[in-house]
Amino acid sequence: MRFAIRLRPENEPFRIPFNHQHKLQGLIYRRIQRVNPDLSLRLHAPKVPKLFTYSLFMAERRELAEDKSSLLGYKRGFFYFSTPISEIAEAFIGGLLQNPEVELWGEKFTVEEVQALAEPRKLSGKKFVTLSPIAVTTKRVQFGKPRTYDLSPAEPKFYELIKENLREKYVRIHGDRPPEEFEMKVLNAKPKRFEVKPGIFQIAWHLVFRTYGDEGLLKVGYQTGFGEKNSIGFGMVKVDGRRKSKVKRR
């Protein structure tokens, strides 16, 4: 289940900080908690995939602020949200519709439209573009201590861990033995450094890529995100060039 969420700003232009995923994460958890407190508690369980992802916050028109500290947005703001779990979708979307007034990083918005989007039937061989960058990390020993290391698409382990992550999420969703067939070919890559928490940084990658393999495994990536840290705003993708179909408007 994938949704486009459009918001009308109180003021125009409105500011969009470069590091804003944690603010969207807070909005998502608050709205889920409002509708389904038990689900909210379960989603806070450590070290398990949360099985949802979301895009960066965007605007119909935007430009770099004069002081280069942020972006300035015009007209409507919007972002995308995706999950294969109906309970998560119902709680978040229900929470938005119950209380459509939203404040993000000091800017006030009103949820104007929630639009459910049709999903592609076939994913293998398609070209994907990231809506939020893909993060993949590992541990490496430096100065005698294991430290977190952000992997790049130039390293084979980047693809190994993406596949491993997809298979783990497949088991959580389906409860079955996960498929093995997965291949990813990056066509274009651009790194970006994010401050995910005060003083904590993540290098993630905006990618254009193709994937091949089992449709069920690829669907997990499309619905929950590729790579790690999907629930803090990494790994959401769209099919390149595919026109989004309207299914439901509320």
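## Salt bridges in a predicted model

At 29% relative accessibility, E87 counts as partly exposed.

The side chain of E87 meets that of R42 in a salt bridge, with N and O 3.0 Å apart. E87 sits in helix α3 (residues 86–98) and R42 in helix α2 (residues 37–43), so their pairing ties together parts that are 45 residues apart in sequence.

How many salt bridges does a search of the whole structure find? The search turns up eight. Here are three of them, with the N to O distance for each:

| Pair | N to O distance |
|---|---|
| R6 and E113 | 2.7 Å |
| E87 and R42 | 3.0 Å |
| R167 and E180 | 3.1 Å |

Let's look at R6 and E113, which join through their side chains. R6 belongs to strand β1 (residues 2–9) and E113 to strand β7 (residues 107–117), so this pair ties together parts that are 107 residues apart in sequence. Is E113 buried or exposed? E113 counts as buried because its relative accessibility is 12%, under the 20% cut-off. R6, at 25%, counts as partly exposed.

Next come R167 and E180, which also form a salt bridge. R167 lies in helix α4 (residues 156–174), while E180 is in the loop between α4 and β11 (182–197), so the two tie together parts that are 13 residues apart in sequence. E180 is partly exposed, at 43% relative accessible area.

Finally, salt bridges can join into a network, as they do here for R8, R76 and E112.

Key: Residues are numbered from 1 along each chain as its sequence is written. This is a predicted model: local features need pLDDT of at least 70, side-chain atom pairs count only at pLDDT 80 or more; totals for chains, interfaces and linings use all residues. Side-chain values use heavy atoms; hydrogens and water are left out. A salt bridge is a side-chain nitrogen of Lys or Arg within 4 Å of a carboxyl oxygen of Asp or Glu. Helices (H or I, at least four residues) and strands (E, at least two) are DSSP runs, numbered from the N terminus. Buried means under 20% relative accessible area, exposed over 50%, partly exposed in between (1.4 Å probe, protein chains only).
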